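Dear colleague,

Please find the structure handed over below, followed by an account of what was found in it. I would be grateful if you would read the two side by side.

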Amino acid sequence: LLAAQGSGGVATYHPVLDQQSLRRLQLGTELEAAMADGQISVVFQPIVDTRTADIVSVETLVRWAHPRYGDISPDDFISLAEQIGRIGLLTDHVLDRALDRCRRWLDQDIALSVAVNLSAHCLAEPDIVERVRRALRRHGVPGELLTLELTEGSVVDDTVRNSTVLADLHALGLRLSMDDFGTGYSSLSQLRLLPIDELKIDKSFVLGMSTSSNESFIARSIVELAHNLGLRVVAEGVEDEMTRDLLTQMGCDKLQGFLVSRPLPEDRLEG
Ligand code: C2E
Ligand code: MG
Ligand code: MG
Ligand code: MG
């Protein structure tokens, strides 16, 4: 109905659709074309070993350069892609770019792992394990070099339903990382039972560390929790040296943030 009327008339005949809903509808239909069009790209943000400062991994972050609206944040269009059933397609695209980058490093004898964000919706897709397996095989990348970052809410919402999916993904040899840790509702006992390898301290805590002792205390608690559970721990959102030094003292394993590097397009990554 909406499509038949054309975008011009919708607001007039359906005043219940506000500007924001309209824009979402439009963006939804544009997203698929945008992927084919090359408007969707990825950037890579280095993650370093706290002790050696060596780059040990890069996180793949999706970008949409919209011809009319300019750069749209993934925080805005990921949920949209989920709502219109296109998140699987988007994820496959990002995974493909990440594994392609990883493969070309391997060809230069560089074993650098790549991290890809996996939305909650994707964990519920019946063929997700098979798609990841095929992508790894297609690029000839060993599972050990891939990390999937899961948001806390997505994993714990329905632990029972997701438990085989996580185990099956883990069986591919890849690492599972709990993203934005500390912002969701995970029970600690569930965390112990899930095949998680790593916690990422949410940047909301890390950003406040240099000015707030509360934030530092939370970060320290997460580092200790992770280590007590035998997990590695990464801090995201490290913007200043004081925060880096605090995290180093706490024994945080890896650091990610603007202090180290902003997310970079592929052609600026090499230098
Ligand atoms: P995230 O996975 O927690 O990624 C970290 C976000 O923090 C990124 O924002 C990154 O640019 C930003 N960041 C990194 N270091 C710093 C810092 O030092 N200071 C500050 N202020 N920010 C920093 P970005 O790229 O806008 O992505 C936002 C979120 O969108 C991601 O959060 C992730 O949840 C989601 N996302 C991004 N790409 C994908 C994707 O391919 N698939 C899915 N499902 N979600 C994605
Ligand atoms: Mg992430
Ligand atoms: Mg995060
Ligand atoms: Mg986030």
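Donors are N, O and S atoms within 2.8 Å of the metal (3.2 Å for Na, K and Ca), and water is not among the atoms, so sites may look incomplete. Because D179 lies in strand β6 and E236 in strand β8 (residues 232–236), the pair ties together parts that are 57 residues apart in sequence. Strands (E, at least two residues) and helices (H or I, at least four) are DSSP runs, numbered from the N terminus.

This is a predicted model, in which local features need pLDDT of at least 70 and side-chain atom pairs count only at pLDDT 80 or more, while totals for chains, interfaces and linings use all residues. Residues are numbered from 1 along each chain as its sequence is written, chains are lettered from A and ligands numbered from 1 in the order in which they are written, and side-chain values use heavy atoms, with hydrogens and water left out.

D179 bridges ligand 2 and ligand 3, the two magnesium ions being 4.2 Å apart. E149, in strand β5 (residues 146–151), and D179, in strand β6, are 30 residues apart, and the pair links distant parts of the chain.

Turning to ligand 1, 22 residues surround this molecule (a heavy atom within 4 Å), and the closest are R63, N117, D179, E239 and F258. The shell divides into eight nonpolar, five polar and nine charged residues, where Ala, Val, Leu, Ile, Met, Phe, Trp, Tyr, Cys and Pro count as nonpolar, Asp, Glu, Lys and Arg as charged, and the others, Gly among them, as polar. Strand β2 provides the largest share of the shell, four residues.

N117 places a polar side-chain atom 2.9 Å from an oxygen atom of ligand 1, and D180 places one 3.0 Å from an oxygen atom of ligand 1.

Key. A polar contact is a pair of N or O atoms within 3.5 Å; within protein, one must be able to donate a hydrogen and the other to accept it, and residues adjacent in sequence count only if both atoms are side-chain atoms.
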